[in-house]
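Student: I would like to go through this structure term by term. Can we tie each label to its cut-off?
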Amino acid sequence: MKRIQLLIIACLAGGLTPSAPAAPAFVPGEVWRDTAGEPINAHGGGILFHDGVYYWYGELKEGRTYLPKVNQAWGGTRVLAGGVSCYSSTNLYDWKNEGVVLPSDAKNPAADLACENVIERPKVIYNAKTRKFVLWFHQDSPDYQAARSGVAVSDTPTGPFKYLGSFRPDAGVWPINVTAKDKKPAKTNFLARDFNGGQMARDMTLFVDDDGKAYQFYASEENSTMHVSLLTDDYLKPAGKYARIFIGRSTEAPAVFKRDGKYYLIGSGCTGWDPNTARLAVVTNIFGPWIELGNPCQGKDAAKTYFCQSAFVLPVAEKSGQFIAMFDRWNGWNLPDSRYVWLPLEFSAEGNPSLHWQNRWTLKTDKR
Ligand code: GAL
């Protein structure tokens with residue numbers, strides 16, 4: 001019997017027609033469509049789980065990719081900033097577009113949110129005390145020299161978020177692990193240079209601990225060193241306690257999660273949109289010293305992080321012990337066509353996470 005006949009019989013026997021839709025699954029690197037059939041536009045993003053719903057926030061990247069003159073030396077292509085998009089889902093496979101929850105400003109080029117500026121790596125956390133949804137993102141000038149953090153708040157997860165402004169974090173405060181040498185002004189001492197005006201903050205993420213304390217991780221000191229910074233109880237500002245971590249390692253794209261009392265960070269090296277080798281680190285005290293464990297990726301193309309860069313790690317709610325590592329596969333010359341690569345984290349007996357490429361995969365205890 002021919003293959004096609006066998007297939008039809010198999011489908012009919014299973015009560016399916018040959019055109020039955022495929023079961024929901026994650027298909028890393030393919031175009032992911034929302035429930036309206038449009039490609040999902042939420043890059044460099046993060047996910048908040050609230051009241052049984054997942055909210056995925058990301059960079060809205062639309063229009064022509066161009067190379068601004070100011071970035072020609074290092075090849076930093078970009079699109080006009082579209083703002084922060086939001087999608088919602090109850091199963092992590094089907095995403096409904098909730099619209100742009102923090103739009104860019106097309107009218108005022110002097111505004112922080114001007115589309116000529118940079119709005120990257122948005123993350124939203126919920127503050128149980130104030131009952132506000134708090135959005136932080138990397139706010140920058142077109143040449144990435146402003147290096148600031150922007151903050152916005154909303155009463156609902158789907159916005160609209162009210163923009164509160166931007167700043168350089170931790171102005172006038174030394175980190176808790178500062179040394180006498182760190183305080184000495186020198187040409188290449190960016191920490192001391194930026195002491196008064198606040199520290200440079202580019203790639204960033206937020207992490208809320210079990211005790212409700214929230215932290216910002218940001219690439220600082222001209223991207224050479226990361227800072228982990230406690231936020232105030234309302235999550236709106238730095239609380240004035242921070243530490244330098246991964247000193248001189250040029251780590252960016254931080255994604256932080258906690259498992260069995262240990263904090264883990266997956267990050268990347270610093271090569272713009274080009275992929276490099278991912279790095280994993282672990283610690284029991286969030287302020288460090290963090291211990292680097294090398295590349296968590298295994299198998300083919302592991303040295304290039306499967307041509308991706310880390311964005312976020314999601315602990316899957318109600319699906320005990322599963323974590324999704326979310327990556328962006330940037331397309332530097334057509335940024336809106338950058339793709340999403342989500343992979344399940346696997347854990348060794350000692351608890352160390354690793355990743356393997358999957359063409360298609362589903363959550364383990366999927367009830368559907
Ligand atoms: C990467 C960074 C991205 C974006 C890009 C711009 O290093 O992780 O978020 O800023 O550079 O070229």
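Tutor: This is a predicted model: local features need pLDDT of at least 70, side-chain atom pairs count only at pLDDT 80 or more, and totals for chains, interfaces and linings use all residues. Residues are numbered from 1 along each chain as its sequence is written, and side-chain values use heavy atoms, without hydrogens and water.

Student: Which residues are around the ligand?
Tutor: They are Trp 74, Glu 120, Arg 121, Tyr 144, Asp 203, Glu 252, Gly 272, Trp 273 and Gln 309. Each has a heavy atom within 4 Å of the ligand.

Student: Why is Asp 194 called buried?
Tutor: Buried means under 20% relative accessible area, exposed over 50%, partly exposed in between (1.4 Å probe, protein chains only). Asp 194 has 6% relative accessibility, so the residue counts as buried.

Student: And what makes Arg 193 partly exposed?
Tutor: Its relative accessible area is 43%, so Arg 193 falls in between.

Student: How do you know that Asp 194 and Arg 193 form a salt bridge?
Tutor: A side-chain nitrogen of Lys or Arg must lie within 4 Å of a carboxyl oxygen of Asp or Glu. Here the N to O distance is 3.0 Å, so the pair meets the definition.

Student: What is the N to O distance for Glu 221 and Arg 244?
Tutor: Their salt bridge has 2.7 Å. The structure holds 16 salt bridges.
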